[in-house]
Amino acid sequence: MTTVFDEQRDRDASSARRARTLWTACAAHALHDGYTDLIYLLLPIWQAEFAIGYGALAFLRALAAASMAGLQVPMARVAEHIGGRATLALGTALAAVGYVVAGTSAGLIGLCVALVVVGCGLSTQHPIASAAVSRAYQGDARGPLGTYNFAGDIGKAAIPSGASLLLAWMSWHHMLWALAVPGVTVAAAVALFLPANLRPVHQSAKSEHPAPGARGGFALLLAIGILDSSVRMGFLTFLPFLLKEQGASLSVIGQALALVFLGGAAGKFACGWLGARFGVLATVLLTEAGTAAVILAVLVLPLLPTLILLPVLGVMLNGTSSVLYGTVPELAPAGRTEQAFAIFYTGTIGAGATAPILFGVLGDHIGSHGAMLATAITAALILPLAIALAPRLPETAG
């Protein structure tokens, strides 16, 4: 009888440990993604204060994104030496410090330094938190990872929206200082509640037998992911300026971004279901064609219809990424699932860093509307790549 009680106690302790890991990772994901997308709200403010063009604004955005993308794999290696908990806690605190520095900056040089610091801190979250959830749940991690991914979209909606409300009461400098407080709070929560022995998972229990042609399939999947990320980041870079042209205030712009990100959160659930029911090809064709069509629509519509369409656009923009992320294990080389995720994250986040610069320079030459039209064309270019990927997918994924 004692053995039965001991086994039940162990199961309860394991379940509590899993739940604590999941919700701590969710809190970190929400904060980090919210910090990442807060920059979009700040771009029009910085344009007015520093009198800079679209290309320079995209460069500012890219500083944080590039440092975040480039340090994904190195930060995973750091975690192997000092532990995932310490790495993620320090990175979260560093991101908060970066925004404090940005709030004290009186010129572009200080702002550039601050954004690099923010990006360095943000680079710790994806490889470490996702590996923590995977390690905690092992073969049952798909559902918890979906919850973890959804938490990021909640942060994308909540933090820019909350920042827009704070701007009604204080300057953008003070707003950034105020938003550093939840960063320090989450860093403390990670240090207290994330289990100490979490390290990057090098080989999951299922990675093991990719389909024939998977290597070429992974390259195509990565290319689609890079273009999809380019569309998403390029469009979001110009969305605040489009809304401003349509007469939106800063508060409305913040709420509009929240609508996009809430739609994106719904898209992760909806497109995950669509991908499981109708396959990767049909889902990607639907989301990318829909993205191109809705971008074209918001370019010609007035403010109110644009706001109504933004949640729909959010579903399309984020839905594809959800399907692609879930396909990575299916196409990863045998025994290299974690490395494949690291490469996929680096490629897509790197595209998110560089694509806004290209679209920004294009916007300086042909205008913001022309650059947004280019994002719609880029979305359409994904369609033939998805068709080429289909024969390389396992039957259960295609």
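**Figure 1. Arg18 in helix α1 of the predicted model.** Arg18 lies in helix α1, where helices are DSSP runs of H or I with at least four residues, strands are runs of E with at least two, and both are numbered from the N terminus. Arg18 is partly exposed because its relative accessible area is 28%, given that buried means under 20%, exposed means over 50%, and partly exposed lies in between, with a 1.4 Å probe and protein chains only. Not counting residues up to four places away in sequence, Arg18 touches Ala136 and Tyr137, and a contact here means heavy atoms within 4.5 Å. From C-alpha to C-alpha, Arg18 and Val133 are 7.8 Å apart in space, although 115 residues separate them in sequence.

**Figure 2. Ala25, a residue of helix α1.** Ala25 has its place in helix α1, which covers residues 2–50. Ala25 counts as buried because its relative accessibility is 1%. When its neighbours within four places in sequence are left aside, Ala25 is in contact with Ala129, Val133 and Tyr148. The C-alpha atoms of Ala25 and Ala132 are separated by 7.6 Å, while the two residues are 107 residues apart along the chain.

**Figure 3. A nonpolar surface patch that includes Leu296.** Leu296, Leu373, Ile377 and Leu381 make a nonpolar surface patch of about 350 Å². Patches are made of residues with over 30% relative accessible area and no salt bridge, joining like charges within 9 Å and nonpolar side chains (Val, Leu, Ile, Met, Phe, Trp, Tyr) within 5 Å; a salt bridge is a side-chain nitrogen of Lys or Arg within 4 Å of a carboxyl oxygen of Asp or Glu. Helix α14 (residues 368–389) gives the largest share of the patch, 3 residues, whereas Leu296 lies in helix α11 (residues 280–300). Leu296 is partly exposed because its relative accessible area is 40%.

**Figure 4. The whole protein as the setting for the close-ups.** The protein has 14 helices and 0 strands, and buried residues make up 55% of its 398 residues. Among contacts in the protein with a separation of 6 or more, 85% are between residues 24 or more positions apart. The protein exposes about 16,000 Å², of which carbon and sulfur atoms supply 70%; accessible areas come from the Shrake-Rupley method with a 1.4 Å probe, and for residues only the protein chains shown count as cover.

**Notes.** Residues are numbered from 1 along each chain as its sequence is written, and side-chain values use heavy atoms, leaving out hydrogens and water. In this predicted model, local features need pLDDT of at least 70 and side-chain atom pairs count only at pLDDT 80 or more, while totals for chains, interfaces and linings use all residues.
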